[in-house]
Amino acid sequence: MANIKSAIKRIEIAERNRLRNKSYKSAVKTLTKRYFTALDEYSADPSEVNKKAVDESMAQVYSKIDKAVGRGVLHRNAGARRKSRLAKALKHQEQSAS
C-alpha cells in the first residue's frame, strides 16, 4: 500500500473509476442480451407487440452505449460498432421475415 498522500488518492480514484466502468459495461452487456432475446421472440412471432418490444430494448441499449461513450467508458468507435451490429441484426431479421 502506498504511503504518499497523492498515491493513495490515485489508488482510490482508480478503484472508483474501475467500479463505474464495470457497471456501465455490465449494463451494456445485459441490455444487449435482452435486445437479442426480444429479437429472437420477434423472429419467432413477427407481431406488432414483439416489434415494439424490440424497438424499446434497442432504444435502451443505444442510450446506455451513448452514456458509456460520453463518460469515457467505451471508445466512441467501439460504441458505434456495437450500435451498428445491433441495427444490422434487426435489419437482417426484418429482411428474412419478409
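A charge is taken to sit over a ring if NZ of Lys or CZ of Arg is within 6 Å of the ring centre and within 35 degrees of the ring normal. In this predicted model, the charged end of Lys51 sits over the ring of Tyr42, 5.9 Å from its centre. Lys83 likewise lies over the face of Tyr62, at 5.3 Å from the ring centre.

Helix H1 covers residues 5-44, a run of 40 residues. From its first C-alpha to its last, H1 reaches 59 Å, close to the 58 Å expected at 1.5 Å a residue. Among the buried residues of H1 are Tyr24, Tyr35 and Tyr42; Ile13, Val28, Leu31 and Leu39 are also included.

The whole structure contains one aromatic pair. Its members are Tyr35 and Phe36, whose ring centres are 5.3 Å apart; the planes stand at 65°, so the arrangement is edge-to-face. The cut-off for that class is an angle over 60 degrees. Tyr35 counts as buried because its relative accessibility is 0%, whereas Phe36, at 33%, counts as partly exposed.

**Salt bridges**

Side chains of opposite charge can pair when their charged atoms come close. A search of the whole structure finds four salt bridges, and the table presents examples from this search.

| Salt bridge | Closest N to O distance |
|---|---|
| Glu15 and Arg18 | 2.9 Å |
| Lys51 and Glu94 | 2.6 Å |

Glu15 and Arg18 both belong to helix H1, where they are three residues apart, about one turn of the helix. Glu15 is partly exposed at 35% relative accessibility, and Arg18 is partly exposed with a relative accessible area of 42%.

Lys51 is buried, with a relative accessible area of 18%, while Glu94 counts as partly exposed at 30% relative accessibility.

Asp66 lies in helix H2 and Lys83 in helix H3, so the pair ties together parts that are 17 residues apart in sequence. Asp66 counts as partly exposed, at 40% relative accessibility. Elsewhere, salt bridges that share partners join Lys51, Asp55 and Glu94 into one network.

Definitions and conventions: Residues numbered from 1 in each chain as written. Predicted model: local features only at pLDDT ≥ 70, side-chain atom pairs only at ≥ 80, totals over all residues. Heavy atoms only, no water. Phe/Tyr/Trp six-rings, centres within 6.5 Å; stacked < 30°, edge-to-face > 60°. Buried < 20%, exposed > 50% of the residue type's maximum accessible area, 1.4 Å probe, protein only. Helix = DSSP H or I, 4+ residues; strand = E, 2+ residues; numbered from the N terminus. Expected span 1.5 Å × (residues − 1). Salt bridge = Lys/Arg side-chain N within 4 Å of Asp/Glu carboxyl O.
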